[in-house]
Amino acid sequence: MKSETAKNPPLSSATLNILLALAGGNLHGYGIIKEVARNSDGHYRLGPGTLYDNLKKLMDSGLVSDAPPSSSSKRRSVTTKEDDRRFYTLTKEGKDALAAEVDRLQTVVTQARSRLREARVGRA
Amino acid sequence: MNSMVSRFAYRLLLRLHPVSFQDEFGAEMLWIFDEEHQQAGVAPLLLDGAISLLRQRCRIQSDPGQLSITSGTIITGPGLGPLRLLQGGITFSLIFVSLIQLLSHPNLFTVSVRWADRVPCYTLTLQAPSHAEVVLETTP
């Protein structure tokens, strides 16, 4: 467990949301912002500074890389001149990191449910 | 804030980023600013840009300072040169203006106190005009 955590440390909220957006397909920067907003029903909006700051870190660590524009991404286009934009894709390491984070969150949710159940039983 | 002035301020913020970062992402960030500033508001975007600038500058603190001024690159030595002071002054002013704009928004702060396991938790919610929320929680 510890070695797994050292290999894939917990992700920040912005990083998790960017990786989740890219898990659905290759996107350009503005596409990521739109996808993150859509996934959170508009409650979480990334600013361009936060987005590219995190994208740079993710690219430096090999979790995200450049991708050619795909047809599926074009279908989800939000602006014109899509072809000129730089697209990003999840690497295999990125998918592994996202899967590890989802597993970690799953454990947190399981523990939280268990604690809440105990608290309810204690009160009753 | 006037659209042209805000765009100029954002471009200035981008110019203050490390050269490699601007070359790689500057054009895209400006494009997103143009697309988003009507919907999200200028102040949150300026604040976001200023925070990004601080992060990038902190990250390259150990490297020799590289400042990008309008059309070229100036290599500076360690310490506080006049350019770096000017850079800091402009950045601070932009952050200050952005904060004033954010704070002038009605219903910005919501403060609530709740009890969790007999320990009071103070929850401060910062509601920005763009519906972004920053929640700070403290347990004394």
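**View 1. Asp96(A) and Lys92(A) pair along helix H6 of chain A.** Asp96(A) is partly exposed, with a relative accessible area of 36%. Buried means under 20% relative accessible area, exposed means over 50%, and partly exposed lies in between (1.4 Å probe, protein chains only). Lys92(A), at a relative accessible area of 59%, is exposed. A salt bridge links Asp96(A) and Lys92(A), with the closest N and O atoms 3.1 Å apart. A salt bridge here is a side-chain nitrogen of Lys or Arg within 4 Å of a carboxyl oxygen of Asp or Glu. The two residues sit four residues apart in helix H6 of chain A, about one turn of the helix. Helices (H or I, at least four residues) and strands (E, at least two) are DSSP runs, numbered from the N terminus. Ala99(A) also has its place in helix H6 of chain A. Ala99(A) is partly exposed, with a relative accessible area of 40%. Its C-alpha atom is separated by 10.0 Å from that of Leu20(A), 79 residues apart along the chain.

This is a predicted model: local features need pLDDT of at least 70, side-chain atom pairs count only at pLDDT 80 or more, and totals for chains, interfaces and linings use all residues. Residues are numbered from 1 along each chain as its sequence is written, chains are lettered from A and ligands numbered from 1 in the order in which they are written, and side-chain values use heavy atoms, with hydrogens and water left out.

View 2. Side chains of opposite charge can pair when their charged atoms come close. Is Arg38(A) buried or exposed? At 56% relative accessibility, Arg38(A) counts as exposed. Glu35(A), at 10%, counts as buried.

Lys56(A) counts as buried at 16% relative accessibility. Asp60(A) counts as exposed at 59%. A network of salt bridges links Lys56(A), Asp60(A), Asp66(A), Arg86(A) and Glu24(B). Over all chains, the count comes to 10 salt bridges.

**View 3. Thr89(A) is buried in strand E3 of chain A.** Its relative accessible area is 18%. A polar contact of 2.7 Å joins the side chains of Thr89(A) and Asn26(A). A polar contact is a pair of N or O atoms within 3.5 Å; within protein, one must be able to donate a hydrogen and the other to accept it, and residues adjacent in sequence count only if both atoms are side-chain atoms. Which residues does Thr89(A) touch, not counting those up to four places away in sequence? They are Asn26(A), Leu63(A), Val64(A), Ser65(A), Asp66(A) and Ala67(A). Contact means heavy atoms within 4.5 Å.

**View 4. Val64(A) belongs to the largest nonpolar core.** A nonpolar core is a set of buried Ala, Val, Leu, Ile, Met, Phe, Trp, Tyr and Cys residues joined through side-chain atoms within 4.5 Å. This core has 41 residues. Ile32(A), Leu51(A), Tyr52(A), Val64(A) and Tyr88(A) touch the most other members. Both chains supply the core, through elements including H4 of chain A and helix H1 (3-15) of chain B. H2(B) gives the most, with seven residues. Beyond its neighbours within four places in sequence, Val64(A) has contacts including Leu19(A), Leu55(A), Tyr88(A) and Thr89(A).

**View 5. Chain A meets chain B.** In this interface, 22 residues of chain A are in contact with 19 residues of chain B. The buried area is about 2000 Å², of which carbon and sulfur atoms give 53%. Buried area is the accessible area (1.4 Å probe) that two parts lose on being put together, summed over both. Tyr30(A), Arg45(A) and Tyr52(A) supply 30% of the area that chain A buries here, more than any other three residues. Four salt bridges cross the interface. Asp53(A) forms a salt bridge with Arg55(B), with the closest N and O atoms 3.2 Å apart. On the side of chain A that touches chain B, H4(A) gives the largest share, nine residues.
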